[in-house]
Amino acid sequence: LDDPDLKDIDPAVLKHCHAAAATCILEAGKQKADLSAISTCLEDCKLDKERIEQFCTEYQKNKDALEILLGSIGRSPLHITDVSWRLEYQIKTNQLHKTYQPSYLVTLNVENSDSGSHPDVSFSCTMEQLQDLVGKLKDAAKSLERATQM
Amino acid sequence: CAFFTGKLNTGVDTIQHGVEGLMYLLTESSKLMISEIDFQDSIHVLGFSDELNKLLLQLYLDNRKEIRSILSELAPKLPSYHSLEWRLDVQLASRSLRQQIKPAVTIKLHLNQNEDQTAQVLQTDPSTLLHLIQQLEQALGEMKTNHCRRIARNMK
């Protein structure tokens with residue numbers, strides 16, 4: 001809107017145009033409209049052929065990026081992005097000596113769809129518990145694979 | 001304590017001291033996991049009868065495991081794993097975008113923290129799920145390596 005080419009136009013009109021264009025683009029993106037639908041819509045708005053073609057070419061160029069952006073808007077539970085683990089061998093505590101057992105410390109890095117960062121989820125587990133956890137995740141992965149083959 | 005005072009013909013304080021002394025003996029012995037011989041040597045200095053010493057030793061051996069498991073609860077702890085539930089979802093549309101096919105795995109992670117159970121709902125996408133599985137399988141494999149086995153052997 002600060003473009004020097006546009007300084008001769010009434011700012012109110014400019015704002016209207018911008019809002020109209022943005023609304024049109026977002027609606028087209030939301031509905032995943034194809035080019036013919038967009039062309040028809042613009043024809044009804046009495047735009048000439050050249051302008052419609054220009055609009056459609058630009059839209060086509062940016063369509064994928066637009067869809068990704070629209071798809072990322074929205075609420076979802078905390079999203080796991082990564083995992084880190086630590087294996088330790090416990091020798092003693094101040095209350096109990098000679099404990100001698102391995103234990104795992106697992107940290108899940110999570111992201112919030114709104115703010116982007118969130119304290120990570122950490123927990124400890126024994127080897128058996130970790131095996132249980134991995135087993136269940138593998139079940140989920142197998143289910144996913146079967147679902148994609150249907 | 002008052003009940004036993006009548007039965008054994010001694011003061012309340014004596015009974016209390018007796019119980020506390022017994023508790024301390026058993027707790028310390030269990031904590032250090034001392035052997036039978038060491039235990040016998042330790043209580044020998046108290047000058048009790050042989051029969052009493054035998055009873056005390058038996059008491060120690062019978063209850064050692066349980067006392068140790070109670071003591072292990074006192075250690076500083078992070079939330080620990082309890083269980084995990086999962087669900088496959090496919091997002092078909094949202095307010096901002098129609099006609100989607102977005103697979104996701106929703107997970108409910110149950111953790112124990114100081115006797116409270118918490119459940120956290122998390123989500124991940126298929127590729128991250130496979131990455132998680134690969135990383136955690138590597139973690140499990142570590143305990144079986146020569147390095148870790150050697151340490152575990154030598155620590156005992």
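**Notebook: loops, domains, core and pockets**

I began with K98(A), which counts as partly exposed at 40% relative accessibility. The model I am reading is a predicted one. K98(A) is not a glycine, yet I find a positive phi of about 55° there. I placed K98(A) in the loop between strand 1 and strand 2 of chain A.

**Entry: another positive phi**

I looked up K46(A) next, and its phi is positive as well, at about 70°, although K46(A) is not a glycine. The loop that holds K46(A) runs between helix 2 (35-44) and helix 3 of chain A. Is K46(A) buried or exposed? I noted a relative accessible area of 73% for K46(A), so this residue counts as exposed.

**Entry: domains**

For chain A I wrote down domain 1 (11-73) and domain 2 (80-149). The C-alpha centres of these two domains of chain A are 46 Å apart. Chain B is split into domain 1 (1-74), domain 2 (77-124) and domain 3 (127-155). Between the C-alpha centres of domain 1 and domain 2 of chain B I have 49 Å.

I then checked the record for chain B. An unreviewed UniProt entry carries the annotation "domain: COMM" over residues 80-147 of chain B. In the model, that span is 28% helix and 49% strand, and its end C-alpha atoms lie 26 Å apart.

**Entry: the nonpolar core**

Which residues have the most contacts inside the largest nonpolar core? I found F123(A), L130(A) and L109(B), in a core of 35 residues. From chain A, strand 1, strand 2, strand 3 and helix 4 (127-149) each give at least two residues to this core.

**Entry: the cavity**

I searched for cavities of 30 Å³ or more and the structure holds 1. The volume of the largest cavity is about 80 Å³. Residues of both chains line this cavity, among them I80(A), L108(A), F123(A), L84(B), I107(B) and L109(B). Helix 4 of chain A, with strand 2 and helix 5 of chain B, each give two or more residues to the cavity lining. By class, I have 11 nonpolar residues in that lining, no polar and no charged.

**Entry: the largest pocket**

How much space lies in the largest pocket? I have about 850 Å³ for it. Its lining has 29 residues, and those nearest the centre are Q90(A), Q101(A), S124(A), S72(B) and K77(B). At least two lining residues come from each of strand 1 (78-90), strand 2 (101-111) and strand 3 (121-125) of chain A, and from each of helix 4 (50-72) and strand 2 (102-113) of chain B. Strand 2 of chain A gives the largest share, 5 residues. I sorted the lining into 9 nonpolar, 14 polar and 6 charged residues.

**Entry: the second largest pocket**

Here I have about 490 Å³ of space. Of the 22 lining residues, S76(A), H79(A), Q91(B), K102(B) and Q123(B) lie nearest the centre of the second largest pocket. Two or more lining residues come from helix 3 (49-72) of chain A, and likewise from strand 1 (80-91), strand 2 and strand 3 (116-124) of chain B. The classes in this lining are 5 nonpolar, 12 polar and 5 charged.

Technical notes
Residues are numbered from 1 along each chain as its sequence is written. Chains are lettered from A and ligands numbered from 1 in the order in which they are written. This is a predicted model: local features need pLDDT of at least 70, side-chain atom pairs count only at pLDDT 80 or more; totals for chains, interfaces and linings use all residues. Side-chain values use heavy atoms; hydrogens and water are left out. On a 1 Å grid over the protein atoms alone, a cavity is a set of points where a 1.4 Å probe fits but cannot get out, and a pocket is an open set with protein on both sides within 12 Å along at least five of seven lines; lining residues have an atom within 4 Å of a point. Grid points are joined across faces, edges and corners, and a volume is the space filled by probe spheres set on the points. Helices (H or I, at least four residues) and strands (E, at least two) are DSSP runs, numbered from the N terminus. Ala, Val, Leu, Ile, Met, Phe, Trp, Tyr, Cys and Pro count as nonpolar, Asp, Glu, Lys and Arg as charged, and the others, Gly among them, as polar. UniProt positions are given in the numbering used here, feature names are shortened, and annotations may be inferred rather than shown by experiment. Domain bounds come from an automatic or database domain assignment. A nonpolar core is a set of buried Ala, Val, Leu, Ile, Met, Phe, Trp, Tyr and Cys residues joined through side-chain atoms within 4.5 Å. Buried means under 20% relative accessible area, exposed over 50%, partly exposed in between (1.4 Å probe, protein chains only).
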